[in-house]
Amino acid sequence: MLKCLCGFWLALALSVTGAEMKFDFGDAAANHVPAHFHPVLAGGGRPAEWKTIMDEVPPLLAPLSREAPVVTRRAVVAQTSTDPTDERFPMLIYDGETFKDFNLATRFKIVGGTVEQMAGVVFRYQNESNYYVLRASALGNNVRFYKVVDGVRSDPIGPELNVSTNTWHTLAVQCQGNQITCWLDGQLLMPPLHDDSFAAGNIGFRTKSDAISYFGETTITYTPPVPRAQAVVQNILKEQPRIVGLRLYLPDANGHPHVVASKQEKDIGLAGTDAEAGAITNGTAYFGRSKGMVVVTLPLRDRNGDPIAAVRLELKSFPGETQDNALTRATMIVKAMQERITSREELRE
């Protein structure tokens, strides 16, 4: 099993590049909900009781020494309420980030329950009525995937499997576009699924009825979403590779322009000048020259023609280029950007 799990974790790590988050709940206060998580209850019954507790957890990988402890006491998050209401689904949702393409792996242990013994993960969660779920049932001896759309569950998909209680297991999900792949303890549960219901959303933990379940170390590797403004800039740069520099400015709460998208990532957050402020406030165009280049700042307008942002362009100059030539070149680029955006709110997405 350990060999299988090693390969499984490596495969997950290689399949989605980008950022990584790890939750081990060690920083959470005892008997409290971990920071950036909030409880949700779908269906009926009493509210759930989510809290951080200590439990004995074996290492994920085999110890390097025989003298190493077999288990260690570590912080885990637990759902401990025992309301037996049948259609009762306690969830604990992470609200610090939303995820589109990602790998999620979490350790869980089903501790008890009379009506149900179940633990699972929700992902691409929109609200308590719309999400995907992968859950394991010790009473049902199965693992199932299904989606919930407007509160209605789809037909479940998944194999019959022995899911032991009081044992730590690993559930894992990979989402890439509309493809969803699921594992239990490193074992592929079914062929990859395809569904277009939810493109992105939150992740979280889920139980049912009176199930008492613990969740331990959780890892998410994911591709961070590209802000709308940066996506517009990147698309223009692909179409116009000869652009030397491109910055997009939006005003902050005090009306001062700052870079929100740029050809150079290090520029994000830089304050604008009077040229960018004038372009946003008055729709004014600005022109300048530097060695071998022209620099043009123009307003980016919404569908009504009102300035909503400023674009600063650095373009290679050519012999005999006039200010009018440069403004014409820059205006064509800005118009191409305006075709991709209709409001300032879209640029803030």
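How many of the six residues of strand β12 (residues 179-184) are buried? The legends below take up this strand and its partners in a predicted model.

**Figure 1. Strand β12 and its cover.** Five of the six residues in β12, which runs through residues 179-184, are buried, and the strand is thus mostly covered. Across the protein chain, buried residues make up 46% of the 349 residues.

**Figure 2. Pairing of β11 with β12.** Strand β11, formed by residues 169-176, pairs with β12 in the antiparallel sense, and six bridges connect the two. Within this pairing, glutamine 174 has threonine 181 of β12 as its bridge partner.

**Figure 3. The turn between β11 and β12.** The two strands form a hairpin, with two residues lying between them. Glycine 177 belongs to this turn and has a positive phi of about 65°.

**Figure 4. Pairing of β12 with β13.** Strand β13 comprises residues 187-188 and is antiparallel to β12, with two bridges between the strands. Opposite tryptophan 183 stands leucine 188 of β13. A hairpin is formed by β12 and β13 as well, again with two residues between the strands. In its turn, aspartate 185 adopts a positive phi of about 50°.

**Figure 5. Pairing of β12 with β14.** Residues 193-194 make up strand β14, which runs antiparallel to β12 and is joined to it by two bridges. Here isoleucine 180 is placed opposite leucine 193 of β14.

**Figure 6. The protein chain around these strands.** The secondary structure of the protein chain comprises five helices and 21 strands. The C-alpha trace spans about 80 × 50 × 40 Å along its principal axes. The radius of gyration of the protein chain is 26 Å, whereas a compact globule of 349 residues would have a value near 20 Å. Of the contacts between residues at least 6 apart in sequence, 63% join residues at least 24 apart.

**Figure 7. Surface and charge of the protein chain.** The protein chain exposes about 17,000 Å², of which carbon and sulfur atoms supply 51%. Its side chains include 35 that are positive and 38 that are negative. The centres of these two sets lie 6 Å apart.

Methods. Residues are numbered from 1 along each chain as its sequence is written. This is a predicted model: local features need pLDDT of at least 70, side-chain atom pairs count only at pLDDT 80 or more; totals for chains, interfaces and linings use all residues. Side-chain values use heavy atoms; hydrogens and water are left out. Buried means under 20% relative accessible area, exposed over 50%, partly exposed in between (1.4 Å probe, protein chains only). Helices (H or I, at least four residues) and strands (E, at least two) are DSSP runs, numbered from the N terminus. Two strands pair if DSSP finds at least two bridges between them. The radius of gyration is taken over C-alpha atoms; the globule rule is 2.2 Å times the number of residues to the power 0.38. Contact means heavy atoms within 4.5 Å. Accessible areas come from the Shrake-Rupley method with a 1.4 Å probe; for residues, only the protein chains shown count as cover. Lys and Arg count as positive and Asp and Glu as negative; His and the chain ends are not counted. The place of a charge is taken as NZ of Lys, CZ of Arg, CG of Asp or CD of Glu.
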